[in-house]
Amino acid sequence: MTEPAAAPPDHHPVLIVGAGPAGLAVAGSLRLLGRSSTVVDEAALPGSSWREHYERLHLHTVKSHSALPGLPFPDAAPRYVPRQGVVDYLEAYARHHGIEPLGGQTVVRITAGPTAEHVARWRVHTASGRVWTATHLVLATGANREPRTPVLPGQDAFTGRVLHSHAYRNAAPFKGQSVLVVGMGNTGAEIALDLAEQGVGVALSVRSPVNIVLRDVLGRPTQLSSIALAKLPEPIGDACATLLRHLTVGDLSRWGLRTPAVSPLRQLRHEGKTPVIDVGTLARIKRGEIPVYPGIATLMRGGVRFTDGRGQAFDTILLATGYQPLLQGLFPDHPLPLDERGLPTVLHGEGPLDGLHFVGFDIRQPGGLLRTIAMQAERVARRLAMSDKSM
């Protein structure tokens, strides 16, 4: 009888790439089932993306619906946890579950190896030349892995600075300047608010219609309302979401903001576009403290000309133009099931992708990404625990 091939020295039954909320949640869920895993990340500390976010950032989701499996946020934490509070929580989560991510592991390529019982299916190649092998590979590198930095028309002529919002920490470096924030997603809206609150002259460039909802309505978090509406038949839930938007936000066209025809809930589920959760930007816009311009026609030497013909001087342009996951580039030999934004459309791979799992990429679910991550992590952990009794 032929013995199964021996596993290579760096073999791991479950290897998790990414030590952010998604990777930690899967590892923690496995611990709760009495199973182990190995977590690797290019950063030295867990939750590296949260460490790099702008200082003003708070969760837009309530703490009770944002915790990862097996550990709630502390009782003393506010309803909407600040950035540093999330970092502290992720560190506490790793300690609580005994998760020790291995940092300095920059993954550059993932290939499939020979298949046999309890032997590597996936080979994870790192920049240092090290190769990790795993029977099950969990990709938890996040939907926001790399900034999306478009080149604007006429950018070579502009004499000011053009920065991606990823580089923004606080308003201090922009004191005395005129700043244009390009894009009004949640990041763009909140950075514009942060600049305005600190006395920096700031404007927004908003090219497309945008769904905006208040973070709280009569003391009730909109997140909880969104979860409840998503349980209704879709036409009814969409109609209720549209009505709620009309009653609480209304027509913003006089301030230069257009509203999509579809409800915030429908746009989230069908397009993966999260509505802007307003925490004060709208009030500043209505008071004239944050002017709103349309899309950019071209940059000029000292400013911007917009698509409506207006020109305005700016010292700095901040691109709040989003991020991209860049997953396919890691898999030179395997086409991945991705949507038009490069996000996985499945939780578990099949066929040639058997043993591959994706957590932290589903941005279409109501209730916030952390809530979705927690639910998906538990599902993946149960599947892994059932499939490999040697873990």
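This is a predicted model: local features need pLDDT of at least 70, side-chain atom pairs count only at pLDDT 80 or more; totals for chains, interfaces and linings use all residues.
Hi everyone, let's start with a hairpin. Strand S15, residues 296–300, and strand S16, residues 303–306, run antiparallel and are joined by four bridges. Two residues sit between S15 and S16 in this hairpin.

Strands of a sheet pair through backbone hydrogen bonds, either parallel or antiparallel. Here we have an open sheet of five strands with parallel pairing, and the order is S7-S18-S8-S9-S14. Which are the edge strands? They are S7, at 161–164, and S14, at 292–293, and each of them pairs on one side only. Further in, S8 (residues 178–182) and S9 (residues 201–205) run parallel, with five bridges joining them. Across that pairing, valine 179 stands opposite valine 202 in S9.

In soluble globular proteins, nonpolar side chains tend to be buried together. The largest nonpolar core in this model has 64 residues, and the ones with the most contacts inside it are Val181, Leu195, Leu204, Ile212 and Leu257. Several elements give two or more residues to this core, including S8, S9, helix H4 (186–197) and helix H9 (369–387). Apart from that core lies another one, of 22 residues, among them Val107, Ala143, Leu327 and Ile363.

Let me zoom in on leucine 204. Setting aside residues up to four places away in sequence, leucine 204 touches a list of residues that includes Leu180, Val181, Met184, Ile285, Val292 and Tyr293.

Another leucine to click on is leucine 265, which is found in helix H7, residues 264–271. Is leucine 265 buried or exposed? It counts as buried, because its relative accessibility is 6%, and the cut-off for buried is under 20%. Beyond its neighbours within four places in sequence, leucine 265 is in contact with Ser226, Leu229, Ala230, Gly237, Asp238, Ala241 and Pro366. From leucine 265 to alanine 157 is 41 Å, C-alpha to C-alpha, and the two are 108 residues apart in sequence.

Rolling a probe the size of a water molecule over the atoms shows where empty space is left. The second largest pocket has a volume of about 200 Å³. It is lined by 13 residues, and the closest to its centre are Pro344, Thr345, Val346, Phe361 and Asp362. What kinds of residues make up that lining? Seven are nonpolar, two are polar and four are charged.

Conventions
Residues are numbered from 1 along each chain as its sequence is written. Side-chain values use heavy atoms; hydrogens and water are left out. Two strands pair if DSSP finds at least two bridges between them. On a 1 Å grid over the protein atoms alone, a cavity is a set of points where a 1.4 Å probe fits but cannot get out, and a pocket is an open set with protein on both sides within 12 Å along at least five of seven lines; lining residues have an atom within 4 Å of a point. Grid points are joined across faces, edges and corners, and a volume is the space filled by probe spheres set on the points. Ala, Val, Leu, Ile, Met, Phe, Trp, Tyr, Cys and Pro count as nonpolar, Asp, Glu, Lys and Arg as charged, and the others, Gly among them, as polar. Buried means under 20% relative accessible area, exposed over 50%, partly exposed in between (1.4 Å probe, protein chains only). Contact means heavy atoms within 4.5 Å. A nonpolar core is a set of buried Ala, Val, Leu, Ile, Met, Phe, Trp, Tyr and Cys residues joined through side-chain atoms within 4.5 Å.
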